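Dear colleague,

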Amino acid sequence: MSRLLQIATETLKIEADSILKLIPRLNDDFARAVEAIINCKGKIILTGIGKSGFIARKIASTLSSTGTPSIYLHPAESSHGDLGVISKNDLVIALSYGGETSELHSILNFISRNGIFLIALTSKSNSTLAQAANIFIDVSVEKEACPLNLAPTSSSTATLAMGDALAMAALQVRGFKSENFAELHPSGSLGAKLMRVQDIMQTGEALPFVKKETSMKQLLTTMTHQSVRGAAGVLDNQGQLIGVITDGDIRRFLEKNQEPFSKLASDIMSHSPKTIEASELAERAVFLMEQYRTQMLIVLDKNSATPMKPVGMIIYQDLLALKVR
């Protein structure tokens, strides 16, 4: 077992070292590549075959999910009609570690004839691919993590890392934000976590809000029959939030009072309602509910002319159903 762990450790060290050695190569060519990606009027087309093809697909996916429309073009299919996917406004990023992949030749010839901008991620500056490119980005490694120095390991990892660096730099320049990411990832837990409270909260007249002069009987009726159970917000005569009443508040009040039904909402309420801004991330709502041990938060809109007037309620079970956790 120790021998296996030693091999695994050495593999990770070699690959990590390969990535770190890319840092000194982040020069003006890298910056020009990012600017070209940002300024592209069409789409970004990634291409490569074999292991490079898998890396190209991943980079295309990362670019697309972070605001840069990108697709993958298979080199072998390109010469059978798929070259038509490339337009003159597009930019091509070609991956080939050795830079002499024969399957890329038809793409290189096509983009050369049509004056299409090409970025090459390869290891050899004198290779066919590098010489054909407008920008050459060096992704060479000293050795593969493969003990035979044959299977693409460090080289594919370094190329993927450089692709991520291009995507993250483009993301920053574009000013891409978390709400943009959520819009492009509407399904799954990532998209749910990046949703805003205002996208999930419950609204409308069916929510349990009562006036401070509401009687105990009416309060119980409201908390029993409204769409949100277990708590009610208390409002003043201007509709501003001044308190909250939970099931626990009522139970404690009933234990201590002989004539509870003679009391009003203002006699029972807590003066420190737990609230959240409508523009906050849904994940923040989960954090606050778990911290406060509550099943509901009252939602306020700080940009409103009446910032203490509730605009809704966000419910813990709704967040769990959306997998915001």
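A residue is called buried here when its relative accessible area is under 20%, and exposed when that area is over 50%. Please note that the model is predicted. By this criterion, buried residues make up 43% of the 325 residues in the chain.

Regarding the overall form, the chain contains 15 helices and 11 strands. Its radius of gyration is 29 Å, whereas the globule rule gives 20 Å for 325 residues; the chain is therefore more spread out than a compact globule. The C-alpha trace spans about 90 × 55 × 35 Å along its principal axes.

Among contacts with a separation of 6 or more, 64% are between residues 24 or more positions apart.

Helix 14 covers residues 282–292, and its buried residues include Ala282, Ala285, Val286, Leu288 and Met289. These five side chains lie on the same side of helix 14, because they cover an arc of only 165 degrees around the axis. In general, an α-helix has 3.6 residues a turn, so residues three or four places apart point the same way. After helix 14 comes Arg293, which has a positive phi, near 55 degrees.

With kind regards

Methods
Residues are numbered from 1 along each chain as its sequence is written. This is a predicted model: local features need pLDDT of at least 70, side-chain atom pairs count only at pLDDT 80 or more; totals for chains, interfaces and linings use all residues. Side-chain values use heavy atoms; hydrogens and water are left out. Helices (H or I, at least four residues) and strands (E, at least two) are DSSP runs, numbered from the N terminus. The radius of gyration is taken over C-alpha atoms; the globule rule is 2.2 Å times the number of residues to the power 0.38. Buried means under 20% relative accessible area, exposed over 50%, partly exposed in between (1.4 Å probe, protein chains only). Contact means heavy atoms within 4.5 Å. The arc is that of the directions from the helix axis to the C-beta atoms.
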